[in-house]
Amino acid sequence: MNFKIPFSGRAHNYTEEEEQIVLKAMRDAIPLTQGKYLAEFQVEFAKYIGSPYAFGVNNATSALYLSAQMCQFENGDEVICPSHTFTASLYPFIKNGATPVWADIDMESRVVNLESIKAVTTSKTKAVIVVHLYGFAIPDIVEIADFCKENNILLIEDVAQALGTEVNRKKAGTFGDFGVFSFHSHKNITTLGEGGMLVVKDDKFANIVPMLRHNGHTAWSFDRENYWTPAMGNVDLPELNGKGILPNNFSLGEVESALGVELLKRIDKINREKRGRALHFIDAVSKISPLLKFHKVETVQHNYHLLVAEVIDGKRDVFMKKMSEEKGIQVVVQYYPLHRYDFYKKLGFGDAKVPNSDSFFDNMVSFPFHHSLTEDEFSYLLQSTKEVLKEL
Ligand SMILES: Cc1ncc(COP(=O)(O)O)c(C=O)c1O
């Protein structure tokens, strides 16, 4: 189908300054990975987020994988995860030996809460993954973090969609043991299609990440007469010795890092602009009909990475048909509850008691909402939505 407004796979355009910094890094970065731009991006990101340590990686899935490795799961250890999320939130943990246990979402906020996590916590729970989905920072995150700490459970925040959002003036991603960010093509800022960041606050994790991220490389712990012997660098993971955990190469390149520094300067503006548009859209549409139930948040708690609504009265599919076929707007449905995928069923993780996740997925719609929608496209999107609602 040829859509007038596709659900774009590209979030935003680049400014002249951003293009120039890419050219500069292409010309002067030595080496082209693991250099000064990565160091600068990590420092600036840590400052922006308010975390002592930030590590650039090639994408958020790798950051999740590193977090999963550092959890050191043993036989029977469970990880709690919402079923209503993107698949990458979870499978790195399965690969590292964890057994998933599904938590339900709250019907209003569309994210997990303390109650839904407590309901599935057992003596085997080693870690909890929470996802600030659609760009909404989980309201209960402080309570969830306290609960995890009290029960010696590691907390992973998947902030892939929620960069820059806050709860109680603290940025999402800084409440847990691990905060995971994505700069994928779809996200509110993108470092040329792929990119991610892992933030940690504990020194014991911060000491391990650089080695785990890059082939175990580390400096020798003793002075050498000749710098070239026994080799340029050591390959060892002293903190993980004997645990069977092997390193990776998940590095973020210098050009992407240089661009990341520049993009960070306008993430708040991008989020503000998206939130402004979302609120305008929600208000205008809500005046026409109660058929679409939006989640309206006027503060920095939501960056409206995605604009989603629940379509009531069983009218989701007719709404989508009209929007796509009559108006040429590629509305989509996200995120297939993980326990319903054959992939997870085959692994034995198909059982779940998550009625809200099932119900929300079966009735939801997600609008094209990339930052680079022009004013004309946005007006057409709004006008078309109003017209379709009037017909229904
Ligand atoms: C909630 C969530 N978690 C994890 C990821 C994985 O991010 P990446 O593509 O950077 O690996 C994504 C998106 O791509 C996501 O939306």
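At what angle do the axes of helix H2 and helix H9 cross? In this predicted model, local features require pLDDT of at least 70 and side-chain atom pairs count only at pLDDT 80 or more, whereas totals for chains, interfaces and linings use all residues. Residues are numbered from 1 along each chain as its sequence is written.

The axes of H2 (residues 36-49) and H9 (residues 254-264) cross at roughly 30 degrees and come within 8 Å. Axes are lines fitted to C-alpha atoms over the stretch in contact, with angles running from 0 to 180 degrees between N-to-C directions; helices are DSSP runs (H or I, at least four residues) and strands are runs of E (at least two). H2 is therefore roughly parallel to H9, a term for angles under 35 degrees. The contact (C-beta atoms, placed from the backbone, within 7 Å) includes Tyr 37, Phe 41 and Phe 45 of H2 together with Ala 258, Val 261 and Leu 264 of H9. Its residues comprise eight nonpolar, two polar and three charged; Ala, Val, Leu, Ile, Met, Phe, Trp, Tyr, Cys and Pro count as nonpolar, Asp, Glu, Lys and Arg as charged, and the others, Gly among them, as polar.

The domain assignment, which is automatic or from a database, gives domain 1 (16-264) and domain 2 (267-391). Their C-alpha centres lie 27 Å apart, and 33 residues of domain 1 are in contact with 27 residues of domain 2. On the side of domain 1 that touches domain 2, strand S3 (99-103), strand S6 (166-167) and H9 each supply at least two residues. That side divides into 17 nonpolar, ten polar and six charged residues.

Note on methods: Angles under 35 degrees count as roughly parallel, over 145 as roughly antiparallel, 65 to 115 as roughly perpendicular and the rest as oblique. Two residues are in contact if their C-beta atoms, placed from the backbone, lie within 7 Å.
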